[in-house]
Amino acid sequence: MPLRDAVTWLTDRSRDPVVTLTVRATVAATISYVIALHVSSEPAPLTAPLTALLVVQVTLYSTLTTGIRRVNSVVVGVLIAIGFSALVGLTWWSLGLIILAALVIGQFVRVGEFVNEVAISAMLVLGVSQLTAQAWDRVLETLIGAGVGLLLNGLFAPPVWVGTAGESIEDLARRMRHLLLCCGDELDAPATVERAAARLHEARRLDQDVAEVDAALRQAEDSLRLNPRVKEGLLSRVVLRTGLDTLEICVVVLRVLARSLTDLAKRRRAGEPLFDRDVAVAVEELFAHLGGALVSFAVLVTTQVSSNAEEAEARLAAELAAARASREKVAHILLDRVRQHPDAWQLHGAVLAEVDRILDELAPEHRSHRLMEELDAAARAQRERFAALARLRLVARGERVRRRRRREPVATGGERTGRPAAPPARADRTGRAPGGAPRPARDRSHSG
């Protein structure tokens, strides 16, 4: 039993991005240092493990992009130092000038967060006595660290973080459902502005939850890029991204709904509930179905197996149908109440309008439309990304065709000439050929 618990604990911890990054960075830094000891002339080539620590990321795509920016920054810094060493020595004003030049050039070469690394490499190389040897040793160590980090993530592909992102999306939907249920439980209780304002603040805190889910989703999207384990990475990214976008819109609408309930509480006298008992029961049922639809939508978005997706889609359709039926019931009840007490009719209408917005966002046809739009946008972006290469290919193909056409023209007698053959003469409108003989008539006996 303890062994099984230990294996379970290790399995769970292996899915943690922090644990994965720690283990990979440690192994990559150690291996890169051992390699640099045998290759570099430096007695302590610490640049190699330092580069490995900076390059190794949780995903293969992040490791590749980070490694390219890191190597680029070091090479640019070394070249700046070599250029300055040929003109001036190391003084206080030359040091300031080289730092300024390195930071400015680093912005233009797009090294991202490694802009300071350009200046650091330039300063370290400029301050040594054997400039050329130290410069290229630093470049070599950087290449070793970046190569080891990339090779480690290439041989042992990082895990796909789609499951973690899916769990975050489902947790967000459950928190939204919990807020709706809490609002529904308080509809027939004595209305207090403080309690309604607390629900409004809870709805506003969902924005921070959306930001956290977005960070987890970006990590999942990076894990799908260039990952040999993934076959349909684009589709998975689009499905998760559009699902989060829909929930984010629902969070905004839910915050407006909480604001409408808060404004409605301000209109009530002390001890008076937000709604009468029959209205409160109907609205509470509507909020329950609405929260269930949110959770079912999140489960549908994060489901990977087709059979489970069909079950999730069926549950979502059932929850949406029940929510629409409850919405119609609430609308008729509120209409009767507004006719009797028309004081807060605009707030009652606002509650129904916000419910309608959430139902429209969760509708399957709206989700399909969004998926098609995002897939089309991704396809257009991919075509634009390779447009230059395609144009070069077409230009090269057109040049070959033109050269072939210049060699092919043949004179009337069968001999090749140096100029293109004249175009064939066309008959005039009377049906006569250029030589004067009439053109033979077309047999129209079998024409339709």
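Ala, Val, Leu, Ile, Met, Phe, Trp, Tyr, Cys and Pro count here as nonpolar, Asp, Glu, Lys and Arg as charged, and the others, Gly among them, as polar. The model is predicted: local features need pLDDT of at least 70, side-chain atom pairs count only at pLDDT 80 or more, and totals for chains, interfaces and linings use all residues. Residues are numbered from 1 along each chain as its sequence is written, and side-chain values use heavy atoms, with hydrogens and water left out.

**Cavities**

- A cavity is a set of points, on a 1 Å grid over the protein atoms alone, where a 1.4 Å probe fits but cannot get out; lining residues have an atom within 4 Å of a point.
- Grid points are joined across faces, edges and corners, and a volume is the space filled by probe spheres set on the points.
- Three cavities of 30 Å³ or more are counted.

**Largest cavity**

- Its space comes to about 130 Å³.
- The lining has seven nonpolar, two polar and three charged residues; among them are Glu 186, Arg 195, Arg 199, Thr 192 and Thr 262.
- Helices are DSSP runs (H or I, at least four residues), numbered from the N terminus.
- Helix H9 (193–224) and helix H10 (233–266) each supply at least two lining residues, and H10 gives the most, with four.

**Second largest cavity**

- This cavity holds about 40 Å³ of space.
- Phe 275, Val 283, Leu 286, Val 330, Leu 334, His 348, Val 351 and Leu 352 line the second largest cavity.
- Two or more of these residues come from each of helix H11 (277–302), helix H12 (306–340) and helix H13 (345–362).
- H13 gives the most, with three residues.
- By class, the lining has seven nonpolar residues, one polar and no charged.

**Nonpolar cores**

- A nonpolar core is a set of buried Ala, Val, Leu, Ile, Met, Phe, Trp, Tyr and Cys residues joined through side-chain atoms within 4.5 Å, where buried means under 20% relative accessible area (1.4 Å probe, protein chains only).
- The largest nonpolar core has 69 residues, of which Leu 172, Met 176, Leu 247, Phe 275, Phe 287, Leu 294 and Leu 362 touch the most other members.
- Helix H8 (162–185), H9, H10, H11, H12 and H13 each supply at least two residues of this core, and the largest share, 15 residues, comes from H11.
- Beyond its neighbours within four places in sequence, Leu 294 is in contact (heavy atoms within 4.5 Å) with Ala 173, Met 176, Leu 180, Leu 247, Cys 250, Ile 358 and Leu 362.
- A second, separate core has 18 residues, including Val 74, Ala 81, Val 111 and Leu 126.

Technical notes:
On a 1 Å grid over the protein atoms alone, a cavity is a set of points where a 1.4 Å probe fits but cannot get out, and a pocket is an open set with protein on both sides within 12 Å along at least five of seven lines; lining residues have an atom within 4 Å of a point. Buried means under 20% relative accessible area, exposed over 50%, partly exposed in between (1.4 Å probe, protein chains only).
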